[in-house]
Amino acid sequence: MKRIFDLSLVIMASPIWVPVLLLVALWVRFRLGSPVFFTQERPGLRAKSFELIKFRTMTDQRDEAGNLLSDTERLTPFGQWLRSTSLDELPELWNVLRGEMSLVGPRPLLKQYVPLYSKHQSRRHDVLPGVTGWAQVNGRNAISWEEKFDLDVHYVDHHSLFLDIKILWMTIMAVFRRHGIQAPGDATMPVFEGSKK
């Protein structure tokens with residue numbers, strides 16, 4: 001039922017999101033150059049890797065030694081705006097169509113975090129990752145990693161079609177309010193280094 005809901009909603013909404021995606025792609029190309037998309041291996045269902053697709057929001061600036069500068073230094077004002085409006089996430093609808101993600105579920109994080117999760121936190125991989133999730137509408141990046149993971153596991157234990165619809169509606173409201181886009185002093189969130197929980 002969840003898969004049917006995801007596909008139906010994405011396909012029915014395609015006359016809206018496809019033109020927006022093409023427009024943003026042209027805009028990113030003009031403002032940031034190539035590549036337009038940012039792809040990265042992320043852990044999905046049962047921590048199996050898949051290639052996440054997003055719009056690029058950072059430059060490729062490097063220091064004298066050839067190392068990439070920090071996220072904060074490479075994030076442009078235009079990239080920050082893309083993130084604040086969540087337009088950078090739009091290409092993930094392709095991941096939804098491919099069955100690698102759902103519209104709603106725990107956000108797919110970095111692969112290097114997987115060994116750092118507690119048994120409780122690892123349960124976030126018991127469902128497909130989502131474009132949005134319970135943690136995103138309850139604080140997003142303004143809450144701690146532990147709070148975020150607790151909200152993810154809460155979703156795993158209580159997910160339903162009704163809850164997905166509620167989260168999607170709350171996501172629309174959150175995008176307009178633009179709250180919790182980044183943790184204080186960080187471009188998004190500080191690096192997760194494990195927890196005692």
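On one side of helix α2, Pro15, Leu22, Leu23, Leu26 and Phe30 sit exposed (over 50% relative accessible area with a 1.4 Å probe, protein chains only; buried is under 20%, partly exposed in between). The model is a predicted one, in which local features need pLDDT of at least 70 and side-chain atom pairs count only at pLDDT 80 or more, while totals for chains, interfaces and linings use all residues. Residues are numbered from 1 along each chain as its sequence is written, and side-chain values use heavy atoms, with hydrogens and water left out.

Turning to the buried residues of α2, these are Trp17, Leu21, Val24, Ala25, Val28 and Leu32. They share one side of the helix because they span an arc of only 110 degrees around the axis, taken from the directions from the helix axis to the C-beta atoms. Their cover includes α1 (2-12), β2 (49-55), α4 (77-84) and α5 (92-97). Helices here are DSSP runs of H or I with at least four residues, and strands are runs of E with at least two, numbered from the N terminus.

The largest nonpolar core holds 33 residues, and Val28, Phe55, Leu103, Trp134, Tyr155 and Ile167 have the most contacts inside it. Such a core is a set of buried Ala, Val, Leu, Ile, Met, Phe, Trp, Tyr and Cys residues joined through side-chain atoms within 4.5 Å. Helix α2 gives this core its largest share, 6 residues. A second, separate core of 7 residues includes Tyr113, Trp145, Phe149 and Phe192.

Methods:
Contact = heavy atoms within 4.5 Å.
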